[in-house]
Amino acid sequence: MERSAGVGLVRSLAIGALGGAVFHLLGLPLAWMLGPLVANLVASARGLDVRVPEGLREALLGVLGLVLGSQVTPELAARVVDWPLSMALLLAGVAASTAVAAAWYRRCGFDSVSAWFASAPGAMTAMILMGEKCGGDPQRIAIAQSLRILLVVLWLPPLFWLWEGAPSPAAEAAAPVAHLWMLLALPLLVPLGRRLRLPTPSLLAPLLFAALLSGFDIASLELSEWGMNLMLWGLGSAIGSRFRGLSRARFGRYLAEAAVATLLALVVLALFAELIHRLVGVPRDVALLALAPGGIGEMAILAVALEIDPVFVAFHHLLRMIALMLVAPFWARWLQRRVADG
(Lines give C-alpha, C1' and ligand atoms only; values in the text may rest on other atoms or scores of the structure.)
Protein backbone atom coordinates (compact mmCIF):
# COMPACT_ATOMS: atom_id res chain seq x y z
CA MET A 1 0.00 0.00 0.00
CA GLU A 2 1.47 3.37 -0.98
CA ARG A 3 2.10 5.91 1.75
CA SER A 4 -0.75 8.31 0.79
CA ALA A 5 -3.27 5.45 0.76
CA GLY A 6 -2.02 4.29 4.16
CA VAL A 7 -2.35 7.79 5.62
CA GLY A 8 -5.84 8.09 4.12
CA LEU A 9 -6.87 4.78 5.69
CA VAL A 10 -5.54 5.70 9.15
CA ARG A 11 -7.27 9.09 8.92
CA SER A 12 -10.55 7.50 7.77
CA LEU A 13 -10.56 4.93 10.59
CA ALA A 14 -9.58 7.52 13.21
CA ILE A 15 -12.34 9.89 12.09
CA GLY A 16 -14.72 6.93 11.96
CA ALA A 17 -13.83 5.92 15.51
CA LEU A 18 -14.57 9.44 16.70
CA GLY A 19 -17.91 9.46 14.89
CA GLY A 20 -18.82 6.04 16.27
CA ALA A 21 -17.97 7.08 19.82
CA VAL A 22 -20.10 10.24 19.52
CA PHE A 23 -23.08 8.33 18.11
CA HIS A 24 -22.68 5.68 20.82
CA LEU A 25 -22.63 8.28 23.62
CA LEU A 26 -25.74 9.91 22.14
CA GLY A 27 -27.50 6.53 22.14
CA LEU A 28 -28.21 6.66 18.40
CA PRO A 29 -29.07 3.51 16.41
CA LEU A 30 -26.32 1.55 14.63
CA ALA A 31 -23.77 3.89 16.21
CA TRP A 32 -20.68 2.04 14.99
CA MET A 33 -21.80 2.09 11.38
CA LEU A 34 -23.64 5.40 11.01
CA GLY A 35 -21.17 7.34 13.18
CA PRO A 36 -18.12 6.44 11.05
CA LEU A 37 -20.19 6.91 7.88
CA VAL A 38 -21.34 10.44 8.77
CA ALA A 39 -17.94 11.46 10.14
CA ASN A 40 -16.15 10.33 6.96
CA LEU A 41 -18.80 11.96 4.80
CA VAL A 42 -18.24 15.30 6.55
CA ALA A 43 -14.47 14.89 6.28
CA SER A 44 -14.78 14.12 2.55
CA ALA A 45 -16.95 17.21 1.99
CA ARG A 46 -14.30 19.33 3.72
CA GLY A 47 -11.63 18.07 1.34
CA LEU A 48 -9.79 15.68 3.67
CA ASP A 49 -8.19 12.64 2.06
CA VAL A 50 -10.03 9.74 3.68
CA ARG A 51 -10.08 6.34 2.02
CA VAL A 52 -10.61 2.66 2.74
CA PRO A 53 -8.85 0.34 0.27
CA GLU A 54 -11.06 -1.93 -1.78
CA GLY A 55 -9.26 -5.00 -0.44
CA LEU A 56 -10.14 -4.16 3.16
CA ARG A 57 -13.74 -3.37 2.24
CA GLU A 58 -14.04 -6.73 0.47
CA ALA A 59 -12.57 -8.55 3.48
CA LEU A 60 -15.13 -6.92 5.76
CA LEU A 61 -17.94 -7.76 3.33
CA GLY A 62 -16.68 -11.34 3.41
CA VAL A 63 -17.03 -11.43 7.19
CA LEU A 64 -20.54 -10.02 6.81
CA GLY A 65 -21.34 -12.74 4.26
CA LEU A 66 -20.29 -15.44 6.74
CA VAL A 67 -22.40 -13.87 9.49
CA LEU A 68 -25.38 -13.55 7.17
CA GLY A 69 -25.12 -17.09 5.77
CA SER A 70 -24.92 -18.42 9.31
CA GLN A 71 -28.49 -17.19 9.85
CA VAL A 72 -29.77 -19.98 7.57
CA THR A 73 -31.31 -22.85 9.50
CA PRO A 74 -32.85 -26.20 8.48
CA GLU A 75 -36.25 -24.75 9.39
CA LEU A 76 -35.88 -22.07 6.69
CA ALA A 77 -37.14 -24.38 3.94
CA ALA A 78 -40.61 -24.32 5.48
CA ARG A 79 -40.82 -20.56 4.82
CA VAL A 80 -39.62 -20.58 1.21
CA VAL A 81 -43.03 -21.68 -0.12
CA ASP A 82 -44.45 -18.31 0.98
CA TRP A 83 -41.86 -16.29 -0.94
CA PRO A 84 -42.94 -16.45 -4.63
CA LEU A 85 -45.65 -13.84 -4.05
CA SER A 86 -43.25 -11.51 -2.24
CA MET A 87 -40.72 -12.05 -5.05
CA ALA A 88 -43.28 -11.01 -7.67
CA LEU A 89 -44.25 -7.93 -5.66
CA LEU A 90 -40.58 -7.05 -5.24
CA LEU A 91 -39.99 -7.10 -9.02
CA ALA A 92 -43.10 -5.02 -9.65
CA GLY A 93 -42.01 -2.54 -6.99
CA VAL A 94 -38.52 -2.25 -8.49
CA ALA A 95 -40.01 -1.43 -11.91
CA ALA A 96 -42.42 1.16 -10.50
CA SER A 97 -39.89 2.87 -8.21
CA THR A 98 -37.27 3.04 -10.99
CA ALA A 99 -39.77 4.69 -13.34
CA VAL A 100 -40.78 7.27 -10.72
CA ALA A 101 -37.18 8.13 -9.77
CA ALA A 102 -36.15 8.34 -13.44
CA ALA A 103 -38.96 10.80 -14.13
CA TRP A 104 -37.63 13.01 -11.30
CA TYR A 105 -34.06 12.87 -12.58
CA ARG A 106 -35.29 13.87 -16.04
CA ARG A 107 -36.80 16.98 -14.45
CA CYS A 108 -33.39 17.67 -12.89
CA GLY A 109 -31.76 17.79 -16.32
CA PHE A 110 -30.49 14.21 -16.66
CA ASP A 111 -30.59 12.72 -20.15
CA SER A 112 -32.92 9.72 -20.41
CA VAL A 113 -30.12 7.11 -20.31
CA SER A 114 -28.46 8.61 -17.23
CA ALA A 115 -31.84 9.05 -15.52
CA TRP A 116 -32.83 5.40 -15.92
CA PHE A 117 -29.49 3.91 -14.90
CA ALA A 118 -29.15 6.34 -11.99
CA SER A 119 -32.56 5.19 -10.73
CA ALA A 120 -32.09 1.41 -10.92
CA PRO A 121 -32.01 0.29 -7.26
CA GLY A 122 -29.09 -2.13 -7.22
CA ALA A 123 -26.15 -3.67 -9.13
CA MET A 124 -24.47 -0.26 -8.98
CA THR A 125 -21.25 -1.13 -10.83
CA ALA A 126 -23.12 -2.84 -13.65
CA MET A 127 -25.55 0.10 -13.95
CA ILE A 128 -22.68 2.60 -14.20
CA LEU A 129 -20.87 0.59 -16.90
CA MET A 130 -24.02 -0.11 -18.92
CA GLY A 131 -25.16 3.48 -18.62
CA GLU A 132 -21.83 4.75 -19.94
CA LYS A 133 -21.91 2.25 -22.82
CA CYS A 134 -25.37 3.56 -23.79
CA GLY A 135 -24.14 7.15 -23.86
CA GLY A 136 -25.05 8.22 -20.33
CA ASP A 137 -22.92 10.29 -17.93
CA PRO A 138 -21.02 7.75 -15.77
CA GLN A 139 -20.12 10.31 -13.08
CA ARG A 140 -23.70 11.44 -12.54
CA ILE A 141 -24.93 7.84 -12.54
CA ALA A 142 -22.23 6.82 -10.03
CA ILE A 143 -22.92 9.75 -7.71
CA ALA A 144 -26.70 9.25 -7.84
CA GLN A 145 -26.31 5.52 -7.14
CA SER A 146 -23.87 6.12 -4.26
CA LEU A 147 -26.02 8.83 -2.69
CA ARG A 148 -29.12 6.62 -2.88
CA ILE A 149 -27.34 3.90 -0.90
CA LEU A 150 -26.00 6.47 1.56
CA LEU A 151 -29.42 8.03 2.16
CA VAL A 152 -31.19 4.69 2.62
CA VAL A 153 -28.56 3.61 5.16
CA LEU A 154 -28.90 6.92 7.02
CA TRP A 155 -32.70 7.09 6.98
CA LEU A 156 -33.87 3.56 7.75
CA PRO A 157 -32.20 2.81 11.12
CA PRO A 158 -33.60 5.93 12.85
CA LEU A 159 -36.99 5.18 11.27
CA PHE A 160 -37.02 1.63 12.68
CA TRP A 161 -35.60 2.91 15.98
CA LEU A 162 -38.44 5.44 16.38
CA TRP A 163 -41.01 2.91 15.12
CA GLU A 164 -40.02 0.04 17.41
CA GLY A 165 -38.21 1.88 20.23
CA ALA A 166 -34.63 1.55 21.38
CA PRO A 167 -33.44 -2.04 21.91
CA SER A 168 -33.71 -3.40 25.39
CA PRO A 169 -30.59 -4.26 27.37
CA ALA A 170 -31.39 -7.94 26.91
CA ALA A 171 -31.23 -7.48 23.12
CA GLU A 172 -27.72 -6.06 23.47
CA ALA A 173 -26.36 -8.96 25.53
CA ALA A 174 -23.07 -10.32 24.24
CA ALA A 175 -23.52 -13.18 21.82
CA PRO A 176 -21.43 -16.33 22.26
CA VAL A 177 -18.41 -16.55 19.96
CA ALA A 178 -18.44 -19.70 17.83
CA HIS A 179 -16.76 -21.25 14.79
CA LEU A 180 -14.28 -18.44 14.15
CA TRP A 181 -12.31 -20.91 12.01
CA MET A 182 -14.73 -20.08 9.19
CA LEU A 183 -12.91 -16.75 8.78
CA LEU A 184 -9.87 -18.68 7.53
CA ALA A 185 -11.83 -19.68 4.41
CA LEU A 186 -12.21 -16.08 3.19
CA PRO A 187 -8.94 -15.93 1.18
CA LEU A 188 -10.22 -18.90 -0.83
CA LEU A 189 -13.90 -17.96 -1.05
CA VAL A 190 -13.57 -14.44 -2.49
CA PRO A 191 -11.34 -15.45 -5.46
CA LEU A 192 -13.64 -18.43 -6.05
CA GLY A 193 -16.63 -16.07 -6.15
CA ARG A 194 -14.88 -13.94 -8.77
CA ARG A 195 -14.01 -17.01 -10.83
CA LEU A 196 -17.66 -18.10 -10.75
CA ARG A 197 -18.67 -14.53 -11.70
CA LEU A 198 -21.02 -14.14 -8.78
CA PRO A 199 -22.49 -10.66 -8.30
CA THR A 200 -20.75 -8.98 -5.33
CA PRO A 201 -18.47 -12.05 -4.93
CA SER A 202 -16.84 -10.80 -1.72
CA LEU A 203 -20.26 -10.98 -0.03
CA LEU A 204 -22.08 -13.79 -1.82
CA ALA A 205 -19.36 -16.47 -1.94
CA PRO A 206 -18.88 -16.43 1.87
CA LEU A 207 -22.65 -16.15 2.32
CA LEU A 208 -23.32 -19.30 0.27
CA PHE A 209 -20.48 -21.17 2.02
CA ALA A 210 -21.82 -20.29 5.47
CA ALA A 211 -25.42 -20.97 4.44
CA LEU A 212 -24.44 -24.47 3.31
CA LEU A 213 -22.68 -25.25 6.60
CA SER A 214 -25.38 -23.67 8.74
CA GLY A 215 -28.26 -25.13 6.73
CA PHE A 216 -26.94 -28.63 7.39
CA ASP A 217 -26.31 -27.71 11.04
CA ILE A 218 -22.54 -28.18 10.70
CA ALA A 219 -21.27 -24.76 11.77
CA SER A 220 -22.52 -21.18 12.20
CA LEU A 221 -20.25 -18.19 12.70
CA GLU A 222 -21.03 -16.11 15.80
CA LEU A 223 -19.16 -12.88 16.54
CA SER A 224 -18.99 -11.01 19.82
CA GLU A 225 -20.58 -7.57 20.07
CA TRP A 226 -17.20 -5.87 19.77
CA GLY A 227 -16.38 -8.03 16.74
CA MET A 228 -19.59 -6.91 15.02
CA ASN A 229 -18.82 -3.30 15.91
CA LEU A 230 -15.33 -3.56 14.40
CA MET A 231 -16.85 -4.82 11.16
CA LEU A 232 -19.48 -2.06 11.14
CA TRP A 233 -16.82 0.59 11.90
CA GLY A 234 -14.76 -0.41 8.87
CA LEU A 235 -17.74 -0.71 6.52
CA GLY A 236 -19.25 2.60 7.68
CA SER A 237 -15.93 4.35 7.12
CA ALA A 238 -15.69 2.80 3.64
CA ILE A 239 -19.16 4.05 2.62
CA GLY A 240 -18.58 7.57 3.96
CA SER A 241 -15.16 7.96 2.34
CA ARG A 242 -16.57 7.11 -1.09
CA PHE A 243 -17.29 10.79 -1.78
CA ARG A 244 -13.78 12.22 -1.44
CA GLY A 245 -12.80 14.76 -4.09
CA LEU A 246 -16.34 16.08 -4.69
CA SER A 247 -16.71 19.85 -4.15
CA ARG A 248 -19.11 21.00 -1.43
CA ALA A 249 -21.36 22.91 -3.85
CA ARG A 250 -21.73 20.01 -6.30
CA PHE A 251 -22.19 17.57 -3.47
CA GLY A 252 -25.01 19.70 -2.02
CA ARG A 253 -26.81 19.90 -5.38
CA TYR A 254 -26.45 16.19 -6.10
CA LEU A 255 -27.53 15.35 -2.55
CA ALA A 256 -30.74 17.38 -2.89
CA GLU A 257 -31.58 15.69 -6.21
CA ALA A 258 -30.83 12.23 -4.81
CA ALA A 259 -32.81 12.89 -1.63
CA VAL A 260 -36.01 13.53 -3.58
CA ALA A 261 -35.41 10.56 -5.90
CA THR A 262 -34.71 8.25 -2.96
CA LEU A 263 -37.74 9.48 -1.04
CA LEU A 264 -39.98 8.89 -4.07
CA ALA A 265 -38.57 5.38 -4.52
CA LEU A 266 -39.01 4.61 -0.82
CA VAL A 267 -42.65 5.75 -0.87
CA VAL A 268 -43.44 3.55 -3.89
CA LEU A 269 -41.60 0.56 -2.42
CA ALA A 270 -43.28 1.07 0.97
CA LEU A 271 -46.63 0.56 -0.77
CA PHE A 272 -45.44 -2.76 -2.17
CA ALA A 273 -43.96 -3.67 1.24
CA GLU A 274 -47.39 -3.09 2.75
CA LEU A 275 -48.86 -5.49 0.16
CA ILE A 276 -46.25 -8.11 1.14
CA HIS A 277 -47.11 -7.56 4.80
CA ARG A 278 -50.82 -8.05 4.20
CA LEU A 279 -50.69 -10.87 1.63
CA VAL A 280 -47.69 -12.89 2.86
CA GLY A 281 -47.83 -12.07 6.57
CA VAL A 282 -44.26 -10.74 6.75
CA PRO A 283 -43.78 -8.02 9.42
CA ARG A 284 -43.79 -4.49 8.01
CA ASP A 285 -40.21 -3.69 9.01
CA VAL A 286 -38.93 -6.90 7.39
CA ALA A 287 -40.88 -6.25 4.18
CA LEU A 288 -39.70 -2.63 3.98
CA LEU A 289 -36.05 -3.52 4.50
CA ALA A 290 -36.33 -6.33 1.93
CA LEU A 291 -37.58 -3.83 -0.66
CA ALA A 292 -35.52 -0.79 0.38
CA PRO A 293 -33.48 0.62 -2.55
CA GLY A 294 -30.08 0.16 -0.95
CA GLY A 295 -27.14 -2.05 -1.90
CA ILE A 296 -27.24 -5.71 -0.91
CA GLY A 297 -24.20 -5.33 1.34
CA GLU A 298 -25.55 -2.28 3.14
CA MET A 299 -29.04 -3.75 3.57
CA ALA A 300 -27.54 -7.01 4.84
CA ILE A 301 -25.58 -5.01 7.42
CA LEU A 302 -28.78 -3.31 8.60
CA ALA A 303 -30.70 -6.60 8.70
CA VAL A 304 -28.05 -8.32 10.82
CA ALA A 305 -27.41 -5.34 13.10
CA LEU A 306 -31.10 -4.57 13.62
CA GLU A 307 -32.04 -8.28 13.82
CA ILE A 308 -34.66 -7.88 11.06
CA ASP A 309 -34.91 -11.36 9.46
CA PRO A 310 -31.58 -11.09 7.57
CA VAL A 311 -32.14 -14.21 5.43
CA PHE A 312 -35.45 -12.95 3.99
CA VAL A 313 -33.94 -9.50 3.42
CA ALA A 314 -30.76 -10.72 1.76
CA PHE A 315 -32.64 -13.20 -0.45
CA HIS A 316 -34.91 -10.52 -1.86
CA HIS A 317 -32.05 -8.08 -2.43
CA LEU A 318 -30.12 -10.79 -4.23
CA LEU A 319 -33.17 -11.50 -6.40
CA ARG A 320 -33.48 -7.79 -7.21
CA MET A 321 -29.80 -7.57 -8.19
CA ILE A 322 -29.98 -10.66 -10.42
CA ALA A 323 -33.18 -9.40 -12.08
CA LEU A 324 -31.60 -6.00 -12.79
CA MET A 325 -28.49 -7.58 -14.28
CA LEU A 326 -30.63 -9.83 -16.51
CA VAL A 327 -33.02 -7.11 -17.66
CA ALA A 328 -30.55 -4.19 -17.92
CA PRO A 329 -28.77 -5.37 -21.12
CA PHE A 330 -32.10 -5.60 -22.99
CA TRP A 331 -33.18 -2.26 -21.55
CA ALA A 332 -29.81 -0.78 -22.54
CA ARG A 333 -30.23 -1.93 -26.16
CA TRP A 334 -33.73 -0.43 -26.27
CA LEU A 335 -32.41 2.88 -24.94
CA GLN A 336 -29.55 2.85 -27.46
CA ARG A 337 -32.02 2.40 -30.34
CA ARG A 338 -34.23 5.13 -28.90
CA VAL A 339 -31.31 7.57 -28.62
CA ALA A 340 -30.12 6.67 -32.13
CA ASP A 341 -33.61 7.19 -33.60
CA GLY A 342 -34.09 10.43 -31.67
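A cavity is taken here as a set of grid points where a 1.4 Å probe fits but cannot get out, and its lining residues have an atom within 4 Å of a point. The model examined is a predicted one. Under this rule, 3 cavities of 30 Å³ or more are counted.

The largest cavity holds about 80 Å³ of space. Its lining comprises 13 residues, and those nearest the centre of the cavity are Ala 101, Ser 119, Arg 148, Ala 261 and Ala 265. Four helices, α5, α6 (112-119), α8 (138-164) and α12, each contribute at least two residues to this lining. Sorted by class, the lining of the largest cavity contains 8 nonpolar, 4 polar and 1 charged residues.

For the second largest cavity, the volume is about 60 Å³. The residues that line this second cavity are Arg 57, Leu 61, Leu 235, Ile 239, Arg 242, Gly 297, Glu 298 and Ile 301. Two or more of the lining residues come from each of α3 (54-69), α11 (225-240) and α14 (296-306). The biggest contribution is that of α14, which supplies 3 residues. In the lining of the second largest cavity, 4 residues are nonpolar, 1 is polar and 3 are charged.

Two of the helices that line the largest cavity, α5 and α12, also pack against each other. Helix α5 spans residues 83-107 and helix α12 spans residues 248-280; the angle between them is about 160° and their axes lie 9 Å apart. Because angles over 145 degrees count as roughly antiparallel, α5 is classed as roughly antiparallel to α12. The two helices, α5 and α12, cross in a right-handed sense. The contact of α5 with α12 involves 21 nonpolar residues, 3 polar residues and 1 charged residue.

The crossing in which α12 passes α13 is right-handed. On the α12 side, the contact is formed by Leu 269, Ala 270, Phe 272, Ala 273, Glu 274, Ile 276, His 277 and Arg 278, and on the α13 side by Arg 284, Ala 287, Leu 288 and Leu 291. By class, 8 nonpolar, 1 polar and 3 charged residues take part in the contact of α12 with α13.

A further helix pair is formed by α1 (residues 3-25) and α2 (residues 31-45), whose axes come within 7 Å and cross at roughly 125°. The helices α1 and α2 are therefore oblique to each other. The crossing of α1 past α2 is right-handed. From α1, the contact draws on Ser 12, Ile 15, Gly 16, Ala 17, Gly 19, Gly 20, Ala 21, Phe 23 and His 24; these meet Ala 31, Trp 32, Leu 34, Gly 35, Pro 36, Val 38, Ala 39, Asn 40 and Ala 43 of α2. The contact of α1 with α2 has 11 nonpolar and 7 polar residues, and no charged residues.

Key. Residues numbered from 1 in each chain as written. Predicted model: local features only at pLDDT ≥ 70, side-chain atom pairs only at ≥ 80, totals over all residues. Heavy atoms only, no water. Axes fitted to C-alpha atoms, helices over the stretch in contact; angles between N-to-C directions. Parallel < 35°, antiparallel > 145°, perpendicular 65-115°, else oblique. Left-handed = near helix turned anticlockwise from the far one by under 90°. Contact = heavy atoms within 4.5 Å. Nonpolar A, V, L, I, M, F, W, Y, C, P; charged D, E, K, R; others polar. 1 Å grid on protein atoms, 1.4 Å probe; cavity = no way out; pocket = protein on both sides within 12 Å on 5 of 7 lines; lining within 4 Å. Points joined across faces, edges and corners; volume = space filled by probe spheres on them.
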